[in-house]
Amino acid sequence: MTKDGKQFDRHVVTILNELEIARKEISRNQEQMIRLGLPPIISQFYFPQITPGLTDNKLLRRIEPYEEKGSAILLKMLKDGTLDMSLLSSTTPLTDKNLKAHTISKANFKIIVSPQHRLANRKSVTFNELVNENFINLNSSFIHAEVFKHFAHEAHFRPTIIFQTSDVPLLKSLVSQNTGIALLTDLALKNTDDLVALDIETNIPLNFIVSIAYRRSHILTPNQSKLISLLTDKK
């Protein structure tokens, strides 16, 4: 294939992709449903907070949720037109030329330990102090994995990871039993948890940012616009 042919092929692929996205969007607009991506932590700990407002505005019944997938997978589904919009987690505000995103919530990352742990009487800790600890981690589908690598790199040591999971309640239960310690956003913590949450002393603090995102090319339906307004007003 010539250089011009390759260039033409690239445009054809882009056009065909846009046509497929348009077909999906038009079909869902007729259904008046909102295909909404919900990553696990956001689904379990943030979404329930906004359901009363969704119910009052008659939006909850219009939402077709896509759950149990991490933000990275949901982002791809959003871009290929499978989703109309998605709640996404990130450590910095989302910037993508093909997407429009609104930050709607921010939370901190904490080190969680059992009340029986040697650090349980502390308010904060440096990552360097955790060199001899056993860690229970969320797997790579969570942004926690990226944040964990950041703190380990900053502290110049390779942490001991004894268990990885995609189950947040299981992670909290294991930490509560003093099996190990973990990195977790305080968005996922409740007052009823048998855990102690410690601030992380760092030169480069990272946040757990929750955003609502949709494609720039997508024309919002009235229900989708109402959802955006509800979420951004709650910020």
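## Strands and their pairing

Two strands are said to pair if DSSP finds at least two bridges between them, and the strands themselves, like the helices, are DSSP runs numbered from the N terminus (E, at least two residues, for strands; H or I, at least four residues, for helices). In this predicted model, strand β4 (residues 99–113) and strand β10 (residues 207–215) run antiparallel and are joined by nine bridges, with Leu99 finding its bridge partner in Arg215 of β10.

Strand β4 also runs antiparallel to β8, to which four bridges join it, and here Lys110 has Leu184 as its bridge partner. A further three bridges link β4 with strand β9 (residues 196–201), again in the antiparallel sense, and Val113 is partnered there by Val196.

## Confidence and conventions

Residues are numbered from 1 along each chain as its sequence is written, and side-chain values use heavy atoms, with hydrogens and water left out. Because the model is predicted, local features need pLDDT of at least 70 and side-chain atom pairs count only at pLDDT 80 or more, while totals for chains, interfaces and linings use all residues.

The pLDDT, which is the predictor's confidence in each residue from 0 to 100, has a mean of 90 over the protein, and 88% of the residues reach 70 or more. Confidence is lowest in helix α1 (residues 3–31), at a mean of 64, and highest in strand β8 (residues 182–185), at 98. Where pLDDT is low, the predicted coordinates should not be read in detail.

Strand β6 (residues 134–138) has four of its five residues buried, where buried means under 20% relative accessible area, with a 1.4 Å probe and protein chains only. β6 pairs in the parallel sense with strand β7 (residues 160–165) over five bridges, and Phe135 stands opposite Ile161 in β7.

Setting aside residues up to four places away in sequence, Phe127 is in contact with several residues, among them Ile111, Phe135, Phe148 and Pro159, contact meaning heavy atoms within 4.5 Å. Ser71, placed in helix α3 (residues 71–79), counts as buried because its relative accessibility is 9%.

Definitions and conventions:
Buried means under 20% relative accessible area, exposed over 50%, partly exposed in between (1.4 Å probe, protein chains only).
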